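Please read them beside the sequence and the coordinates.

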Amino acid sequence: DTISFPLLGFGVPFSAYYDMSDLEFVSFFARGSGQISFSMWTQLVLGYPEGENWGHFEQIITLEENWREYRLFASDFLPRPFSVQQADSVTWSDARGFVRGFEFMASSNTQDTVVIWIDNINFTGSRFRQTGEIEPILLR
């Protein structure tokens, strides 16, 4: 049983890179149906050549009909399956010092209709420090 994710969802880019070495977990309340992926964008993954820079650190959750709090522990973040980052055995510890943002993406299974409601996204851990400036992203 496999799941794949298209470039469909929503993300939040940070205004700078942040050191999230002390991140314990990301929590949020959600409800809906279907599966979604939560991923963290990092400088390490984004630095791979174009076409190979999509293996962001993620966790997949199955939504439930009623509101529920989800806690995604940093120690469980893994590169997307079948990515170059997975093949390279890249870990969250390797990349957590320069985090660029996060995103939610929905399943690409055409038989699924994904309904999602998200509230109260929190990053729990010690203070996060800015570690670098970000070049603007130009959308074409």
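The points below go from the overall fold to the core, the salt bridges, one loop serine and a surface patch.

1. Basis. This is a predicted model, in which local features need pLDDT of at least 70 and side-chain atom pairs count only at pLDDT 80 or more, while totals for chains, interfaces and linings use all residues. Residues are numbered from 1 along each chain as its sequence is written, and side-chain values use heavy atoms, with hydrogens and water left out.

2. Fold. The chain has nine strands and three helices, in the order β-β-β-α-β-β-β-α-α-β-β-β. Helices (H or I, at least four residues) and strands (E, at least two) are DSSP runs, numbered from the N terminus. Of the contacts (heavy atoms within 4.5 Å) between residues at least 6 apart in sequence, 80% join residues at least 24 apart.

3. Surface and burial. The accessible surface (Shrake-Rupley method, 1.4 Å probe; for residues, only the protein chains shown count as cover) is about 8500 Å², and carbon and sulfur atoms account for 50% of that. Of the 140 residues, 37% are buried; buried means under 20% relative accessible area, exposed over 50%, and partly exposed in between (1.4 Å probe, protein chains only).

4. Core. A nonpolar core is a set of buried Ala, Val, Leu, Ile, Met, Phe, Trp, Tyr and Cys residues joined through side-chain atoms within 4.5 Å. The largest has 24 residues, and those touching the most other members are Leu 23, Phe 28, Phe 38, Met 40, Phe 77 and Trp 92. Two or more residues each come from strand E2 (23–33), strand E3 (35–42), E4, E5, helix H3 (92–95) and strand E7 (99–106); E2 gives the largest share, four residues. Beyond its neighbours within four places in sequence, Phe 77 contacts residues including Leu 23, Phe 38, Met 40 and Trp 92, and also Glu 58 and Gln 59.

5. In one of them, Glu 103 pairs with Arg 80, with the closest N and O atoms 2.8 Å apart. Glu 103 is in strand E7 and Arg 80 in the loop between E6 and H2, so this pair ties together parts 23 residues apart in sequence.

6. Partly exposed pairs. Glu 64 and Arg 68 form a salt bridge through their side chains (3.4 Å, N to O). Glu 64 has a relative accessible area of 41% and Arg 68 one of 35%. Arg 71 and Glu 69 form another, at 3.6 Å, N to O; their relative accessible areas are 45% for Arg 71 and 34% for Glu 69.

7. Ser 83. A polar atom of the Ser 83 side chain lies 2.7 Å from the backbone oxygen of Arg 80. Not counting residues up to four places away in sequence, Ser 83 touches Trp 54 and Gly 55. Trp 54 and Ser 83 are 29 residues apart in sequence, with their C-alpha atoms 7.1 Å apart.

8. Surface patch. Phe 29, Trp 67, Val 115 and Trp 117 make a nonpolar surface patch of about 400 Å². Patches are made of residues with over 30% relative accessible area and no salt bridge, joined within 9 Å for like charges and within 5 Å for nonpolar side chains (Val, Leu, Ile, Met, Phe, Trp, Tyr). Trp 67 lies in the loop between strand E4 (57–62) and strand E5 (68–73), and is partly exposed at 44% relative accessibility.

Conventions. Salt bridge = Lys/Arg side-chain N within 4 Å of Asp/Glu carboxyl O. Polar contact = N/O pair within 3.5 Å; in protein donor to acceptor, adjacent residues only side chain to side chain.
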